[in-house]
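Hi,

Here is the structure I said I would pass on.

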Amino acid sequence: VFFLYALRRVNCPSCGVKVERIPWTEGKNHLTTTYAWFLATWAKRLSWKEVAVVFGTSWDNVFRSVKMAVAWGLGHRDLENVTAIGIDEIAWKRGHKYLTLVYQIDTNCRRLLWVGKERTGNTLRQFFKDFGVERTSRLGFICSDLWQPYLRIAAEVAGKALHIIDRFHLMTHFGKAIDKVRATEAKELKAKGKQPVLTGSRWCLLKRPANLTDKQTVKLKELLAINLKTVRAYLLKEDFDQFWHYKSAGWAGRFLDEWCRRTMRSRLKPMKKIAQMLRSHRQLLLNWFGARRKVALGAVEGFNNKAKVTCRKAYGFRNVEVIKVALYHTLGNLPVPKGTHRFC
């Protein structure tokens, strides 16, 4: 349906010359409000280009519709019951271009709260400034990785909240350490002219045992029968997994101390670095047991995966403001106004 309508100009004694307000659109937008919400709803399911093609409009119209929906949702969302947040970053563009993302990770509500450019301490400080002092004081839990600017600003601004280290990001350090040990040992075996037993073994050592294929399971059994540095590093990593299954922070702390002592005697430099890192963040690690079952600790990584998918669907937005709109629209769980029609 197309409306062809000439807007009337009104000469108001107090306001001056104004254009009349019409009920089906806002400002100079040539799309009706209902149609804009229709496009914005479908833009959550399809890429913006596909929405434009399917519904016979332009990419710019879809973008303006989504931007309108995001602006309305951000202006009407409720931030009073946020007690737990997760902080992380994603690379949205080549050349180390990062975005800082802050999520609400309460068990009853999980959504994207804020997007900031770069991953610096000043970026996170800006979030707390926008969030407000009163809301920040009500935070009970903050979950992040080991990025020092995040740890420093969170401790400075929201020191009353219980700070937790994200489990997934911590375990990625183990994977990188095992990879270094494997690569170094593979070169040593090749230089000595020995059998290249570590060839093709990377994912056997990095994947969880439950996720291995039949071929990888056989390969891993063969490696475990050989006395290699890589195997020792792998066994240390698998042994540390027991840390997450303790119910008491006291017993978990004892296990952590013993694991670090054994690892420091292993003569594996990459693993020794991890032990030193764990010792320096011991209290933050033990905070994990105080937050377990109270907040959705795995939600941060789940949201990050969805954020990366959103960036890929965008086919490389060059403008950071556009990617912010896309992320808020997809992950923000923003409210929508009540209308006559519901678009499925």
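By salt bridge I mean a side-chain nitrogen of Lys or Arg within 4 Å of a carboxyl oxygen of Asp or Glu. Both residues sit in helix α15 (residues 320–331), three residues apart, which is about one turn of the helix. Helices here are DSSP runs of H or I with at least four residues, strands are runs of E with at least two, and both are numbered from the N terminus. K324 is buried at 16% relative accessible area, whereas E321 is partly exposed at 46%. For those words, buried is under 20% relative accessible area, exposed is over 50%, and partly exposed is in between (1.4 Å probe, protein chains only).

Before you go further: this is a predicted model, in which local features need pLDDT of at least 70 and side-chain atom pairs count only at pLDDT 80 or more, while totals for chains, interfaces and linings use all residues. Residues are numbered from 1 along each chain as its sequence is written, and side-chain values use heavy atoms, with hydrogens and water left out.

Back to the charges. By the salt-bridge rule the count comes to 15. Bridges that share partners join E80, E134, R135 and R138 into one network. Within that group, E134 bridges to R138, with the closest N and O atoms 3.3 Å apart. E134 is exposed, at 57% relative accessible area, and R138 is partly exposed at 32%. Another pair is R261 and E258, whose side chains meet at 2.9 Å, N to O. These two are separated by about one helical turn because they are three residues apart in helix α11 (residues 249–264). Both ends are partly exposed: R261 has a relative accessible area of 39% and E258 has 33%.

Helix α14 (residues 299–313) is worth a look too. Its 15 residues reach 21 Å from the first C-alpha to the last, close to the 21 Å expected at 1.5 Å a residue (the expected span being 1.5 Å times one less than the number of residues). Buried in α14 are A299, V300, E301, F303, N304, A307, T310 and C311. Those buried residues pack against β3 (84–93), β4 (97–106), β5 (109–117), α7 (167–191) and α15, where contact means heavy atoms within 4.5 Å.

C15 is exposed, with a relative accessible area of 51%. C143 is in no disulfide either, its nearest cysteine sulfur being that of C109, 16 Å away. At 1% relative accessibility, C143 counts as buried.

Last, the surface. Y5, L7 and V19 make a nonpolar patch of about 280 Å². Patches take residues with over 30% relative accessible area and no salt bridge, joining like charges within 9 Å and nonpolar side chains (Val, Leu, Ile, Met, Phe, Trp, Tyr) within 5 Å. Accessible areas come from the Shrake-Rupley method with a 1.4 Å probe, and for residues only the protein chains shown count as cover. V19 lies in strand β2 (residues 16–19) and counts as exposed at 52% relative accessibility.

Cheers

How values were computed:
Disulfide = S-S within 2.5 Å.
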